[in-house]
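Please read each point alongside the sequence and the model.

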Amino acid sequence: MGFPIHHRGVLALLWSSAVAGCNTVTPVAYSEVASSHYLAPNTSDSSGRVPYRYASSVDWRSYDKIMLDPVVIYRGRDHQFGDMSEQDKVKLAAYMRSRFLESLSTRFAVVGQRQPNTLRVRLTLTGAVTNTPVLGTMSRFDLAGAVYNGVQTARDGEGLLTGSVLYVVEVLDAPSGRLLSAFVSKQYPSPYDVKASVGALAAAEAGIDKGADALVAQLR
């Protein structure tokens with residue numbers, strides 16, 4: 001897609017302003033999540049996708065069943081929803097449970113009660129950033145935006161004016177209730193995922209897709 005030359009200067013200024021005041025959000029170790037006192041900075045993660053983590057020594061192969069709690073929408077004062085509407089929060093939480101359940105069922109038998117060899121997963125949706133209308137999609141095609149997005153793609157970073165999702169995962173041994181793993185995650189689509197730039201929640205939903213697949217990979 002091309003733009004008239006007299007528009008490109010304006011777009012370049014818009015991209016510069018957007019980068020300077022980018023709508024990116026840095027996750028925190030959310031103080032009102034049950035596992036918050038276990039979480040520590042994850043120094044092995046340079047991407048920023050999992051900035052806080054707790055991990056114990058677990059043989060995940062000894063588990064073949066899983067329970068997935070309803071997704072909790074975080075109400076703590078350190079939430080990172082900005083001015084997102086309650087309707088959008090509920091929509092994302094429903095999408096999150098559906099998508100994680102779909103992914104986890106490829107590895108585990110999904111059950112509704114505590115049994116031997118069963119994991120219990122708790123998901124807490126702690127924040128989200130919506131896409132910036134129009135400009136987010138335009139930045140994938142304009143030269144100035146393409147340069148920035150190209151650099152971010154190489155770094156596995158966020159695209160310009162792109163939304164994201166933030167959440168906490170807690171994995172427990174279902175029979176005993178012992179915490180096995182917990183982490184804070186921030187997920188977002190590839191900068192060149194054009195489909196994920198269209199629609200306010202599209203990037204957050206694409207981030208949920210990535211997060212669901214990443215959790216299954218971790219539990220194999």
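Is Glu 170 buried or exposed? The answer is given under point 4.

1. Basis of the note. This is a predicted model, in which local features need pLDDT of at least 70 and side-chain atom pairs count only at pLDDT 80 or more, while totals for chains, interfaces and linings use all residues. Residues are numbered from 1 along each chain as its sequence is written, and side-chain values use heavy atoms, with hydrogens and water left out.

2. Overall build. The chain has five helices and eight strands, these being DSSP runs (helices H or I, at least four residues; strands E, at least two) numbered from the N terminus. Their order along the sequence is α-β-β-β-β-α-β-β-α-α-β-β-α. Of the 220 residues, 47% are buried; buried means under 20% relative accessible area, exposed over 50%, and partly exposed in between (1.4 Å probe, protein chains only). Among contacts (heavy atoms within 4.5 Å) between residues at least 6 apart in sequence, 78% join residues at least 24 apart.

3. Strand pairing. Two strands pair if DSSP finds at least two bridges between them. Strand S2 (residues 52-55) runs antiparallel to S1 (residues 40-41), with two bridges, and antiparallel to S8 (residues 179-187), with four bridges. Arg 53 in S2 stands opposite Ala 40 and has Phe 183 as its bridge partner in S8.

4. The structure holds eight salt bridges, each defined as a side-chain nitrogen of Lys or Arg within 4 Å of a carboxyl oxygen of Asp or Glu. In one of them, the closest N and O atoms of Glu 170 and Arg 122 are 3.3 Å apart. Glu 170 lies in strand S7 (residues 164-173) and Arg 122 in strand S6, so this pair ties together parts 48 residues apart in sequence. Glu 170 is buried, at 3% relative accessible area, whereas Arg 122 is partly exposed at 22%. Asp 69 and Arg 120 form another, with closest N and O atoms 2.8 Å apart. Asp 69 lies in the loop between S3 and S4 and Arg 120 in S6, so the pair joins parts 51 residues apart in sequence. Asp 69 is buried at 15%; Arg 120 is partly exposed at 23%.

5. A salt-bridge network. Arg 75, Glu 86 and Lys 89 are linked in a network of salt bridges. The closest N and O atoms of Arg 75 and Glu 86 are 2.5 Å apart. Arg 75 is exposed, at 53% relative accessibility, and Glu 86 is partly exposed, at 36%.
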